[in-house]
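User: I'd like to go through this model with you, one piece at a time. Can you put it up?

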Amino acid sequence: MVDVNRDNRPLSPHLQVYRLPLVSNISILTRITGVGLIAGLVLVVWWFVAGAYSPEYFASADWLLTTWLGYLVLLGSLWALWFHFCNGLRHFFWDMGKGFELETVARTNWFVIGGSVVLTILTLLLV
Amino acid sequence: MAFKTDYSRVQGMGRAGDGVHHWWIQRLTSVALIPLTILFLIPFGRALGGGHEALMATYGQFGHALTAILFIGVACWHFSIGIQVVIEDYIHGKATRVTVLILTKLFSYTLAAAGILAVVKILFSA
């Protein structure tokens with residue numbers, strides 16, 4: 001069982017020379033949004049802690065979160081939250097062994113991307 | 001491995017020693033966060049920017065305070081278990097990995113405690 005062709009075999013596609021399929025980029029972005037969302041959670045908890053501390057301290061926290069910079073960070077967090085949420089929903093189907101067909105994945109990719117945008121806009125309309 | 005019975009191997013529950021517990025908590029907190037995210041975001045978004053009166057009016061209500069406590073607690077739990085996987089994937093030195101893992105766990109629990117305590121105080125002082 002000597003492998004005579006050892007040095008001539010094709011290499012598997014390397015990350016640096018291989019254009020990742022959309023599903024992989026969504027997967028990576030799900031992890032990035034998951035880690036990044038801690039910033040949003042820290043801001044939310046800080047807002048509550050300021051509110052428990054004193055009305056004066058809360059006024060500055062409430063003001064900072066509603067400046068354009070604060071809104072921008074919260075808007076980014078909101079989109080990240082819904083993106084992570086939508087791909088999480090897809091993972092439940094994958095956990096059940098459903099939706100692994102390439103056509104289905106290609107379709108649910110757009111459910112994740114579109115869903116994150118639609119849910120972000122819907123949240124902004126509701127609050 | 002060769003000297004172990006199948007039963008004792010299964011009892012050890014794999015390399016991490018706790019079987020599917022981590023996987024299961026990740027799913028459990030995910031499922032819990034589906035309704036909690038929706039129930040939390042709407043009143044929070046409406047109170048945001050409304051000053052101290054809006055905060056007290058919203059989180060002085062038992063239901064909104066309960067939702068906020070559950071959301072913060074479960075989100076911190078979900079974060080602590082999720083960031084653990086990221087750390088285990090990318091930090092290879094054992095001493096650094098364990099140190100960073102401990103720090104993120106303590107950070108998550110502290111954040112949860114701070115948020116929950118703050119909401120409780122707001123509820124009781126409203």
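User: How many helices and strands does the secondary structure of chain A come to?
Analyst: The secondary structure of chain A comes to four helices and zero strands, running α-α-α-α from the N terminus on. Helices (H or I, at least four residues) and strands (E, at least two) are DSSP runs, numbered from the N terminus. Please keep in mind that this is a predicted model, in which local features need pLDDT of at least 70 and side-chain atom pairs count only at pLDDT 80 or more, while totals for chains, interfaces and linings use all residues. Residues are numbered from 1 along each chain as its sequence is written, and chains are lettered from A and ligands numbered from 1 in the order in which they are written.

User: And which elements does chain B have, from the N terminus on?
Analyst: Chain B has five helices and zero strands, in the order α-α-α-α-α.

User: What about the box for chain B?
Analyst: For chain B, the C-alpha atoms fill a box of roughly 65 × 30 × 20 Å along the principal axes, and the radius of gyration is 20 Å, whereas a compact globule of 126 residues would have one near 14 Å.

User: What share of chain B is buried?
Analyst: Buried residues make up 25% of the 126 residues in chain B, and in chain A 24% of the 127 residues count as buried. A residue is buried if 20 or more other C-beta atoms lie within 10 Å of its own, exposed if 12 or fewer, and partly exposed in between, with C-beta atoms placed from the backbone.

User: Switching to packing: at what angle do α4(B) and α5(B) pack?
Analyst: The angle between α4(B) and α5(B) is about 175 degrees, with their axes 9 Å apart; axes are lines fitted to C-alpha atoms, for helices over the stretch in contact, and angles run from 0 to 180 degrees between N-to-C directions. The two helices, α4(B) and α5(B), are therefore roughly antiparallel to each other, since angles under 35 degrees count as roughly parallel, over 145 as roughly antiparallel, 65 to 115 as roughly perpendicular and the rest as oblique.

User: Which residues make that contact?
Analyst: Among them are A68(B), I72(B), C76(B), F79(B) and I87(B) of α4(B), and R97(B), L101(B), S108(B), L111(B) and V119(B) of α5(B), contact here being C-beta atoms, placed from the backbone, that lie within 7 Å. By class, the contact of α4(B) with α5(B) has 15 nonpolar, six polar and three charged residues, where Ala, Val, Leu, Ile, Met, Phe, Trp, Tyr, Cys and Pro count as nonpolar, Asp, Glu, Lys and Arg as charged, and the others, Gly among them, as polar.

User: Is I87(B) exposed, partly exposed or buried, and why?
Analyst: I87(B) counts as partly exposed because there are 17 C-beta neighbours inside 10 Å. Not counting residues up to four places away in sequence, I87(B) touches R97(B), V100(B), L101(B) and T104(B).

User: And H64(B), buried or exposed?
Analyst: H64(B), which is also found in helix α4 of chain B, counts as buried, with 22 C-beta neighbours inside 10 Å. Leaving aside neighbours within four places in sequence, H64(B) is in contact with P43(B), T58(B) and Y59(B).

User: How do α2(B) and α4(B) pack?
Analyst: Helix α2 (residues 21-47) of chain B and helix α4 (residues 62-90) of chain B pack at about 145 degrees, with their axes 8 Å apart. The contact of α2(B) with α4(B) has 14 nonpolar, nine polar and no charged residues.

User: Now between chains: how many residues does the contact take from each?
Analyst: The contact takes 24 residues from chain B and 23 residues from chain A. On the side of chain B that touches chain A, the largest share, seven residues, comes from α5(B), and the residues of that side divide into 14 nonpolar, eight polar and two charged.

User: Where do the axes of α1(A) and α5(B) come, and at what angle do they cross?
Analyst: The axes of helix α1 (residues 22-53) of chain A and α5(B) come within 8 Å and cross at roughly 40 degrees. Residues of α1(A) including L41(A), V45(A) and F48(A) meet residues of α5(B) including L111(B), A118(B) and I122(B), and by class this contact has eleven nonpolar, two polar and one charged residues.

Terms used. Contact = placed C-beta atoms within 7 Å. Rg over C-alpha atoms; globule rule 2.2 N^0.38 Å.
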